[in-house]
Amino acid sequence: MNGPGSDADRAARVALTWLAEPGNRAVWTMVQRGGAEATLDRLIAGDIPDGPLRSAVAARSRADDPRRAAEIALRLGDEVGARLIVPADPEWPARVSALATLETDIAGRVNQDTRPPLCFWVLGSLPLGATLDRSVAIVGARAATGYGVHVTSTLAYDLAERGWTVVSGGAFGIDAAAHHGALAADGLTVSVLACGVDRPYPVSNAALFARIAERGLLISEWPPAAEPFRHRFLIRNRVIAAATAGTVVVEAAARSGATQTMSRVLALNRPAMVVPGPVTSAMSVGCHELLRAHPATRLVCSAHDVLQEVGRIGEYLEPPPRGQERVRDRLDEESALILEAFPRRGPATPEELAATARLDLRTVLRRLTLLEATGLVIRTESGITLAPRKP
């Protein structure tokens with residue numbers, strides 16, 4: 001029987017993704033109203049109110065038959081061990097439905113066609129929805145500095161060690177460091193691709209992608225064999241923003257895909273977190289601008305900071321960091337004044353201390369007893385001296 005989740009529905013969704021790029025507003029709306037199969041029939045027949053979409057479908061249809069392209073994609077998926085996930089499946093990631101209401105004020109189709117995916121291709125054995133349920137995205141510059149790689153690796157390691165999935169895009173620099181950090185902790189990591197799962201990009205990261213597929217997941221909206229065109233990375237970024245509980249940017253130039261991803265995070269009202277960097281680094285300009293321009297962004301320096309933003313209320317509460325407490329820190333004001341009144345070298349008498357601290361002698365005598373009990377001063381035959389500081 002045909003319907004959501006049926007073989008016909010799945011094949012239609014694959015064909016629709018082949019005809020029009022994922023996130024297409026008109027296609028998604030038509031599928032919501034009439035189903036994937038009926039939408040595919042309408043597009044093939046040319047019954048398309050949206051002019052740009054009508055032109056795109058006509059051009060693609062001249063290259064191949066959409067249904068035949070879907071059959072080839074499904075066969076290739078079986079050959080490489082990838083499975084197709086659609087919204088009717090139990091492992092569909094629920095968070096991506098938030099893209100149904102995502103609106104941006106940025107010009108261009110890639111910034112307007114931000115609707116939810118029609119399907120996902122998944123390489124790896126873990127259930128997609130459960131793996132993304134407790135997940136944090138870490139994104140940033142490809143030309144990462146040593147500082148950025150170090151911070152990212154540590155952050156990803158600590159998050160993975162605490163049971164959170166680390167999500168990124170598999171690119172050079174910050175993305176790769178995030179995946180490596182999670183894998184080093186024997187944790188889970190997901191790479192969201194802008195091409196087919198059978199040909200992850202960049203090719204130089206092939207060994208990394210193989211490890212991710214073995215211990216985590218490779219996912220993509222595009223069918224197997226799809227090429228990594230530049231605009232597809234921008235389309236892909238909306239999924240990274242929507243599928244995770246929050247996103248951290250570690251190093252970003254003034255114009256970068258990472259800041260574009262953060263624009264989606266902010267529009268979705270998800271936790272948007274930024275790691276600061278040296279003010280002299282061009283790779284931190286985008287991070288600092290995000291913090292300056294968007295009050296909703298939060299500065300984070302550690303996994304603890306991140307978890308306070310994405311965890312349940314009270315789940316990761318810890319006291320604020322403080323330096324090591326010393327006995328002197330607990331002194332009352334008068335005792336502190338007397339301690340400051342001691343000469344740097346040699347003994348002093350109570351009368352001398354009272355004069356220097358501008359306190360009456362009775363008060364000084366009482367406080368000296370306290371200071372002696374705490375080990376801060378020593379009584380000698382020649383007077384009272386400061387105790388040697390412990391190393």
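Glu251 counts as buried, at 1% relative accessibility (buried means under 20% relative accessible area, exposed over 50%, and partly exposed in between, with a 1.4 Å probe and protein chains only). The model is predicted, so local features need pLDDT of at least 70 and side-chain atom pairs count only at pLDDT 80 or more, while totals for chains, interfaces and linings use all residues. Residues are numbered from 1 along each chain as its sequence is written, and side-chain values use heavy atoms, with hydrogens and water left out.

Glu251 is found in the loop between strand E7 (247-250) and helix H12 (257-267). Helices (H or I, at least four residues) and strands (E, at least two) are DSSP runs, numbered from the N terminus. Although Glu251 is not a glycine, its phi is positive, at about 65°. Arg358 also has a positive phi, near 60°, and is likewise a residue other than glycine. Arg358 lies in the loop between helix H16 (350-357) and helix H17 (361-373), and it is exposed, with a relative accessible area of 72%. A further backbone feature is the cis peptide bond that joins Tyr201 and Pro202, with omega about 5°. Pro202 is found in the loop between strand E5 (189-192) and helix H10 (206-215). Such features stand out because most residues other than glycine have a negative phi, and most peptide bonds are trans.

Nine strands form an open sheet of mixed pairing, in the order E1-E2-E6-E5-E4-E3-E7-E8-E9. Strand E1 (83-85) and strand E9 (298-299) stand at the edges; each has a single partner strand, so one side of each is left without a neighbour in the sheet. Two strands are taken to pair if DSSP finds at least two bridges between them. In general, strands of a sheet pair through backbone hydrogen bonds, either parallel or antiparallel. The partner of E9 here is strand E8 (residues 272-275), and the two pair in the parallel sense over two bridges. Met273 has Arg298 of E9 as its bridge partner.

Strand E3 (135-140) is joined to E7 by four bridges, and these strands run parallel. Ile138 has Val248 of E7 as its bridge partner. Strand E4 (residues 165-168) also runs parallel to E3, with three bridges between them; there, Ala137 stands opposite Val167. E3, helix H8 (residues 146-161) and E4 make a right-handed β-α-β unit. A crossover is right-handed if, with the strands pointing away from the viewer, the path from the first strand over the helix to the second runs clockwise.

In a regular strand the side chains alternate between the two faces of the sheet. Both faces of E3 are covered: Ser135, Ala137 and Val139 are buried on one side, and Val136, Ile138 and Gly140 on the other. Six of the six residues of E3 are thus buried. Helix H12 lies across E3, E7 and E8, and runs at about 145° to E8. Axes are lines fitted to C-alpha atoms, for helices over the stretch in contact (heavy atoms within 4.5 Å), and angles run from 0 to 180 degrees between N-to-C directions.

A disulfide is a pair of cysteine sulfur atoms within 2.5 Å, and by this rule the count is zero. The sulfur of Cys119 is 15 Å from the closest cysteine sulfur, in Cys195, which is too far for a bond. Cys119 is buried, with a relative accessible area of 1%. Cys195 is also buried, with a relative accessible area of 1%.
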